[in-house]
Amino acid sequence: MALDRWIALVILAVSLMYGYTAFFMMDAGLPPFMRFNPIWPSTFPKIIAVGAAITSLVILLGFEKKPADADEGEIDFSRLGDYNIGQAVFLLVLMVAYALLLRPAGFLLSTLLFLVVAAALLGERRFYILVPVAAAAAGGVWYLVQQTLGIYLSPLPTFLS
Amino acid sequence: MLDGIWVGLSTAFSFSNLLMVIGGCLIGTFIGMLPGLGPMSIIAIMIPVAISIGDPSAALILLAGVYYGAIFGGSTSSILINAPGVASTVATSFDGYPLTRQGKAGKALTVAAISSFAGGSIGAILLMIFAPALASVALLFHSAEYFALMVVGLSAIAAFAGSGQVGKALLMTLVGLMMATVGEGALFNQPRFTMGILDLQSGFGFITLAMAMFALPEALFLVLDPSRSNSGGSSGDIKDLRITKEEAKKITPVIGRQSIQGFLIGVLPGAGATIASFLGYAVERNIAPKEEQKEFGKGSVKGLAAPEAANNAACTGSFVPLLTLGIPGSGTTAILLGALIALNVSPGPRLMVDQPEIFWSVIISMYVGNVILLILNLPLIPYIAKVLAVPRNFLIPFILFFTLMGAYIGQNNATELLMLVGFGVCATLLRFANYPLAPLLIGFILGSMLEDNFSRSMQLYDGIGFILERPMTMGLLVLAVVLVVLPLIRARRVRKQELQAAESD
């Protein structure tokens with residue numbers, strides 16, 4: 001089964017769960033006076049759930065033929081081995097680490113680390129350029145966002161501030 | 001009217017006011033480039049500055065400059081790194097980013113600047129002439145029609161986005177609508193589908209989703225496939241700055257049509273620039289000749305010019321209800337209304353009579369803002385496009401950092417960043433399987449408006465009867481169905497013809 005039909009299966013499952021919630025669970029908590037309303041909080045989700053379930057079935061069962069002039073996918077699966085999947089996964093892990101570190105380590109330090117580690121991972125070795133650029137970017141964005149625009153970003157690690 | 005225009009001209013062209021426009025445009029453009037800071041937030045930030053000026057005309061001129069600058073700045077990040085920071089520039093990235101990847105970033109920015117300029121200027125002229133008359137027409141649109149209008153927009157997008165695979169595009173739209181229902185809606189005060197997670201109470205963030213759908217997969221693709229970044233796009237080559245005569249001929253009618261259509265949509269309160277840009281893109285794609293239709297989504301100048309012109313014209317159009325009725329039609333005009341009231345100006349039917357100098361200087365300053373923006377930005381384009389000349393090892397971490405920042409600034413919540421990564425992975429998988437992502441995002445953006453208007457009309461008419469009772473709603477909904485069915489029939493006919501041709505061989 002091709003990837004797009006697997007995805008359709010996943011979406012079908014999600015929309016069935018969504019629909020189950022909309023049809024059988026949401027209305028239980030509805031206050032009595034709202035039952036006279038022509039529209040309930042679950043009305044619109046019910047419509048979408050039915051639509052999504054039908055559409056994903058159509059794709060899952062392969063009713064939709066790929067048009068002759070369709071684009072080739074952007075990813076060439078036969079070349080999968082050539083792709084830097086490891087690097088991509090590592091960058092994603094790095095982003096998660098950034099999200100988790102942002103509060104405890106402060107904006108300046110975590111941004112500096114994120115930029116330097118990400119670039120180093122991609123193969124950058126000129127640290128004498130990289131580190132100052134990353135520091136300037138972290139400082140610059142912090143100054144712009146916090147000092148000029150007044151949106152609070154805690155700059156320093158929690159134990160220092 | 002001529003007196004008014006004259007007063008407006010003389011106010012707008014004083015030296016200090018010209019400085020205001022220039023300053024506003026520059027501030028707007030540069031801050032607007034950061035994803036996550038749209039015109040609305042930038043204007044909100046500038047309001048204290050504007051109020052401290054004291055003179056309402058000068059303050060409004062400054063804000064108009066910031067407004068236009070921010071819109072152009074937002075388009076820049078859509079075009080260069082596929083990171084639309086504002087809903088109304090999402091359509092810009094459909095064709096703007098493919099152009100960049102072909103190494104035509106300079107041209108794309110030029111087309112965007114010129115279309116924005118034309119859209120804004122034509123909008124300003126229409127505003128001058130038709131403001132009072134249009135205000136009464138806009139009042140004819142009720143929530144039922146808004147609902148139908150959005151359905152038309154969604155089906156138009158679904159019909160074209162999937163490169164022939166309408167089912168997939170439709171499914172993505174529905175997934176987007178599903179995601180829009182997460183959280184606490186305005187109408188029901190009841191959290192829905194939050195699975196007990198507190199961070200989902202307010203729903204998914206638009207910027208988080210926009211970054212996850214567009215910028216993040218793009219950056220990941222750049223990592224996965226290094227040859228991609230060398231294929232013209234990131235070479236920073238900007239020799240192709242000029243628009244050829246042929247392209248100018250192509251985009252002129254597009255700009256003309258979309259400026260008018262965008263303006264008219266912008267006049268409707270609540271519809272605004274986002275719907276105008278999507279509909280503009282959809283309409284232009286559907287009426288383009290067949291061979292040009294194939295270019296849409298792969299770097300068509302028409303596909304770039306349409307949403308840019310419509311978006312800017314709609315922004316101007318949204319001033320009609322603000323200035324003539326005192327009703328702000330969009331978030332941005334609502335903030336402007338706040339600024340106007342703080343400056344002791346009350347917009348409404350009497351504004352044109354009581355304080356003509358303000359009414360006209362706002363309109364003229366829009367025009368001046370547009371001209372200044374064009375003059376400032378055309379020479380800056382080569383430098384802006386230089387962003388792409390940054391080496392890949394630096395560019396990718398920075399793109400990732402800006403997507404993270406965009407998601408973080410809006411919500412100030414680190415969980416948002418985790419969602420960003422999660423959705424980014426999903427979006428990349430969807431792109432692997434050739435699912436179009438734009439319909440998902442559009443469904444998400446329009447979802448809550450769609451449901452609100454649907455619910456309101458259901459309440460007003462006590463049931464689904466409004467569809468039958470309001471002919472305009474009915475007509476729009478029929479149009480929506482036709483839009484979805486038509487490509488299916490067309491595809492079937494093509495396949496049949498091919499089969500016949502194969503048999504006769």
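1. Start with residues 106-122 of chain A. In this predicted model, that stretch is 88% helix and 0% strand, and its end C-alpha atoms sit 24 Å apart. For residues 6-26 of chain A, the corresponding values are 95% helix and 0% strand, with 29 Å between the end C-alpha atoms. Both ranges come up in the unreviewed UniProt entry, which lists residues 6-26, 47-63, 83-101, 106-122 and 128-145 of chain A under "transmembrane region". Bear in mind that such annotations may be inferred rather than shown by experiment.

2. Now for chain A as a whole. You'll find five helices and zero strands there, so if you read the elements from the N terminus on, you get α-α-α-α-α. Of the 161 residues in chain A, 24% are buried. As for contacts in chain A with a separation of 6 or more, 62% of them join residues 24 or more positions apart.

3. Next, the contact between the two chains. Chain A puts in 57 residues and chain B 55 residues. On the chain A side, α1 (3-25), α2 (43-60), α3 (85-105), α4 (107-121) and α5 (127-148) each bring at least two residues. Which helix gives the most to the side of chain A that touches chain B? That would be α3(A), with 11 residues. By class, the chain A side comes out as 38 nonpolar, 10 polar and nine charged residues.

4. Over in chain B, have a look at helix α2 (residues 15-33) and helix α4 (residues 56-81). Their axes are 6 Å apart and the packing angle is about 30°. Angles under 35 degrees count as roughly parallel, which is why α2(B) is called roughly parallel to α4(B). The crossing of α2(B) and α4(B) is right-handed. In the contact of α2(B) with α4(B) there are 19 nonpolar and 13 polar residues, and no charged ones.

5. The crossing of α1(B) and α18(B) is right-handed. From α1(B), the residues involved include G4(B), I5(B), V7(B) and G8(B); from α18(B), they include P356(B), E357(B), F359(B) and W360(B). The contact of α1(B) with α18(B) has 10 nonpolar residues, five polar and one charged.

6. If you're checking backbone torsions, stop at N434(B). This residue has a positive phi of about 65°, although it is not a glycine. N434(B) belongs to the loop between α20 (414-432) and α21 (438-461) of chain B. Is N434(B) buried or exposed? N434(B) counts as buried because it has 21 C-beta neighbours inside 10 Å, and the cut-off for buried is 20 or more.

7. Last one: A407(B), placed in helix α19 (residues 392-411) of chain B. A407(B) has 30 C-beta neighbours inside 10 Å, so this residue counts as buried too.

Conventions
Residues are numbered from 1 along each chain as its sequence is written. Chains are lettered from A and ligands numbered from 1 in the order in which they are written. This is a predicted model: local features need pLDDT of at least 70, side-chain atom pairs count only at pLDDT 80 or more; totals for chains, interfaces and linings use all residues. Axes are lines fitted to C-alpha atoms, for helices over the stretch in contact, and angles run from 0 to 180 degrees between N-to-C directions. Helices (H or I, at least four residues) and strands (E, at least two) are DSSP runs, numbered from the N terminus. Angles under 35 degrees count as roughly parallel, over 145 as roughly antiparallel, 65 to 115 as roughly perpendicular and the rest as oblique. A crossing is left-handed if the near helix is turned anticlockwise from the far one by less than a right angle, and right-handed if clockwise. Ala, Val, Leu, Ile, Met, Phe, Trp, Tyr, Cys and Pro count as nonpolar, Asp, Glu, Lys and Arg as charged, and the others, Gly among them, as polar. Two residues are in contact if their C-beta atoms, placed from the backbone, lie within 7 Å. A residue is buried if 20 or more other C-beta atoms lie within 10 Å of its own, exposed if 12 or fewer, and partly exposed in between; C-beta atoms are placed from the backbone.
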